[in-house]
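Hi there,

Here is the structure I promised to pass on. Please have a look at it first, and then read on for what turned up in it.

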Amino acid sequence: MSKQLKILVGTVTGNAELVAEEMQYTLQDDFGWQVQVLSMDGLDAEALAPDAIYLVCSSTYGVGDLPDNAQDFFDEVAAKKPDLSWLRYGIYSLGDSVYSGSFCLGGEHFDTLFSGLGATRIGEIGRHDASEDDLAEDCGAAWVRGWIELTG
Ligand SMILES: Cc1cc2nc3c(=O)[nH]c(=O)nc-3n(C[C@H](O)[C@H](O)[C@H](O)COP(=O)(O)O)c2cc1C
């Protein structure tokens, strides 16, 4: 598994997808990684295969819920409970601090799920605050430059 990364995207209005694409360009062009951006729509639990490191890039809706396009994948992994002790992953979570009680919980739900199945998180969770921070894609690309150095 050399320099292979899969970014799993959960989004409603497209911000997380823009972030993932900007991360993809950054990691391919500046760090020599091979990066696939995958919408969580239609993914099943078997999509998690030990040929790559994973990065979940997801926004937050409802009151700390996942975007609709990520819910089925999340529920399937939670139900099947695969052994993910091989999995190394990162989390970049998008939210808005006006939702003070549920800020960025979308990505954090995946952290709880994956770590509970034995996976190992790389680095701290990245967070984008739509009320405070610069453009999500700029913040995400800056964050991923530091994060990718931790994968070695
Ligand atoms: C109806 C609605 C509910 C939201 N609920 C939350 C929330 O509970 N917590 C949070 O941190 N952000 C919440 N947000 C903010 C979004 O997660 C944020 O705007 C994000 O950048 C959207 O990314 P996306 O375009 O990839 O879906 C909510 C936004 C909307 C429109």
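**What was found**

The buried residues of α3 pack against β1, β3, α2 and β4. A residue is called buried if 20 or more other C-beta atoms lie within 10 Å of its own, exposed if 12 or fewer, and partly exposed in between, with C-beta atoms placed from the backbone. Helices (H or I, at least four residues) and strands (E, at least two) are DSSP runs, numbered from the N terminus.

Two notes on the source before going further. Residues are numbered from 1 along each chain as its sequence is written. This is a predicted model, in which local features need pLDDT of at least 70 and side-chain atom pairs count only at pLDDT 80 or more, while totals for chains, interfaces and linings use all residues.

**The overall picture**

The protein has four helices and six strands, and from the N terminus on its elements run β-α-β-β-α-β-α-β-β-α. The radius of gyration is 14 Å, close to the 15 Å that the globule rule gives for 152 residues, so the protein is as compact as a globular protein of that length. That radius is taken over C-alpha atoms, and the rule is 2.2 Å times the number of residues to the power 0.38. Taken along the principal axes, the C-alpha atoms fill a box of roughly 40 × 40 × 25 Å.

Of the 152 residues, 40% count as buried. Among contacts between residues at least 6 apart in sequence, 79% join residues at least 24 apart; two residues are in contact if their C-beta atoms, placed from the backbone, lie within 7 Å.

**The helices**

Back to α3: its 12 residues should span 16 Å at 1.5 Å a residue, and its end C-alpha atoms are 16 Å apart, which agrees. The expected span of a helix is 1.5 Å times one less than its number of residues. The buried residues of α3 are L105, G106, G107, E108, H109, F110 and F114. Just after this helix, G118 takes a positive phi of about 100°.

Helix α2 (residues 68-80) has 13 residues and reaches 19 Å from its first C-alpha to its last, close to the expected 18 Å. Its buried residues are N69, A70, F73, F74 and V77. Seen down the axis of α2, these fall within an arc of 110°, so they line one face of the helix; the arc is that of the directions from the helix axis to the C-beta atoms. The elements that cover them include β1 (4-10), β2 (34-39), β3 (53-58) and α3 (105-116). D75 also lies in α2, but is partly exposed, with 13 other C-beta atoms within 10 Å. The C-alpha atoms of D75 and L5 are separated by 23 Å, and the two residues are 70 apart along the chain.

In α1, 17 residues reach 23 Å from first C-alpha to last, close to the 24 Å expected. Buried here are A16, V19, A20, M23, Q24, T26 and L27, and their cover includes β1, β2, β3, β4 and α4 (136-149). G32 follows α1 with a positive phi, near 70°.

**A residue in β4**

I91 is found in strand β4 and counts as buried, with 26 C-beta neighbours inside 10 Å. Leaving aside neighbours within four places in sequence, I91 is in contact with V56, G107, F110, D111, R121, I125 and G126. I91 and G126 are 35 residues apart in sequence and 6.2 Å apart in space, C-alpha to C-alpha.

**Backbone angles to look at**

Most residues other than glycine have a negative phi. Which way does K3 go? K3, in the segment before β1, has a positive phi of about 55° and is partly exposed, with 16 C-beta neighbours inside 10 Å. C104, in the loop between β4 and α3, has a positive phi of about 60° and is buried, with 23 other C-beta atoms within 10 Å.

**Around the ligand**

Of the 22 residues around the ligand, T11, N15, S59, G95 and Y99 come nearest; a residue is near a molecule if its C-beta atom, placed from the backbone, lies within 6 Å of it. α1 (15-31) and β4 (88-95) each supply at least two residues of this shell.

Best wishes
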